[in-house]
Amino acid sequence: MSVTSDGPQMLVTEFEERARHADRSTEGARLEFINGHLGGKAVPDGDHGRVIQWLTRICMQHRPDLWLDPTQGLVVEACRGGRARPDGSLAPSEAFVGQGEWADPAPVLPVVEVTSYDSDTDRRERVDKPRAYAETGIPVYLLIDRDTCEVKVHSRPDGGRYETVQALPFGKEVALPEPVGTALDTEPLKNRVR
């Protein structure tokens, strides 16, 4: 572990070893390494899973050449060597073949996150991940925010931020910009919040 002015920083190799151990020893453990810090993703609840299922069906109907992968880890943050486990990565169906646990994000069109009801959601989903995904150059970050009952579409990555962020309440039609180029009727999301 290295030490910086902000305190101890974990090395990527140390994180990957811990993540592999957690995957083998703790059911439902999903570790991430963003902004130099170890974090865990909450175990998804049933409504979280239904949101991903809903989005998968839409993607299959509109873009059958693509797959919304809910399991693939991605290499993010080129300068910090981050590792993220998005709730979904929409990419060509063969994009991650042979890449292992942490794949190159280059073929990802949008990355999707669905908020969980845990104390870490605000920092992780609304601050750290948009910065990491924008820095990586992922064209679209789709955040389905069950706390605020909004869909937030981040697009036009420029370094460490997205230049465009559109937030619409559940129930509105949301346009996903190119390279996705589809619209989502978000009415069903109203039934997926507490």
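Q: Which strands do the buried residues of α2 pack against?

A: This is a predicted model, in which local features need pLDDT of at least 70, side-chain atom pairs count only at pLDDT 80 or more, and totals for chains, interfaces and linings use all residues. Residues are numbered from 1 along each chain as its sequence is written, and side-chain values use heavy atoms, with hydrogens and water left out. Helices (H or I, at least four residues) and strands (E, at least two) are DSSP runs, numbered from the N terminus. Contact means heavy atoms within 4.5 Å. The buried residues of α2 pack against β5, β8 (88–92), β10, β11 and β15 (182–185).

Q: Which residues of α2 are buried?

A: A residue is buried under 20% relative accessible area, exposed over 50%, and partly exposed in between (1.4 Å probe, protein chains only). An α-helix has 3.6 residues a turn, so residues three or four places apart point the same way. In α2 the buried residues are His-48, Val-51, Ile-52, Trp-54, Leu-55, Thr-56, Ile-58 and Cys-59. The helix covers residues 46–62 and reaches 25 Å from its first C-alpha to its last, close to the 24 Å expected at 1.5 Å a residue; the expected span is 1.5 Å times one less than the number of residues.

Q: What is the order of the strands in the open sheet?

A: Two strands pair if DSSP finds at least two bridges between them. Here six strands form an open sheet in the order β5-β8-β10-β11-β12-β13, with mixed pairing. Its edge strands, β5 (66–69) and β13 (161–169), each pair on one side only. Neighbouring strands are turned by 20° against each other on average, direction ignored. For such angles, axes are lines fitted to C-alpha atoms, for helices over the stretch in contact, and the angles run from 0 to 180 degrees between N-to-C directions.

Q: In which sense do β10 and β11 pair, and in which sense do β11 and β12?

A: Strands β10 (residues 110–114) and β11 (residues 140–145) are parallel, with five bridges, and Pro-110 stands opposite Val-140. By contrast, β11 and β12 pair in the antiparallel sense over six bridges, with Val-151 as the bridge partner of Ile-144. These two strands form a hairpin with four residues between them, and Cys-149 in the turn has a positive phi of about 55°.

Q: Where does helix α3 lie?

A: Helix α3 (residues 121–136) lies across β10, β11, β12 (150–158) and β13, and runs at about 165° to β11.

Q: What links the side chains of Glu-113 and Lys-129?

A: Side chains of opposite charge can pair when their charged atoms come close. A salt bridge is a side-chain nitrogen of Lys or Arg within 4 Å of a carboxyl oxygen of Asp or Glu. Glu-113 and Lys-129 meet in one (2.8 Å, N to O). Glu-113 lies in strand β10 and Lys-129 in helix α3, so the pair ties together parts that are 16 residues apart in sequence. Glu-113 is buried, at a relative accessible area of 0%, and Lys-129 is buried at 0% as well.

Q: How many salt bridges does the structure hold?

A: The structure holds 13 salt bridges. One of them joins Lys-152 and Asp-145 (2.9 Å, N to O). Lys-152 is buried at 14% relative accessibility, and Asp-145 is buried at 0%. Salt bridges that share partners join Arg-126, Asp-145, Asp-147, Glu-150 and Lys-152 into one network.
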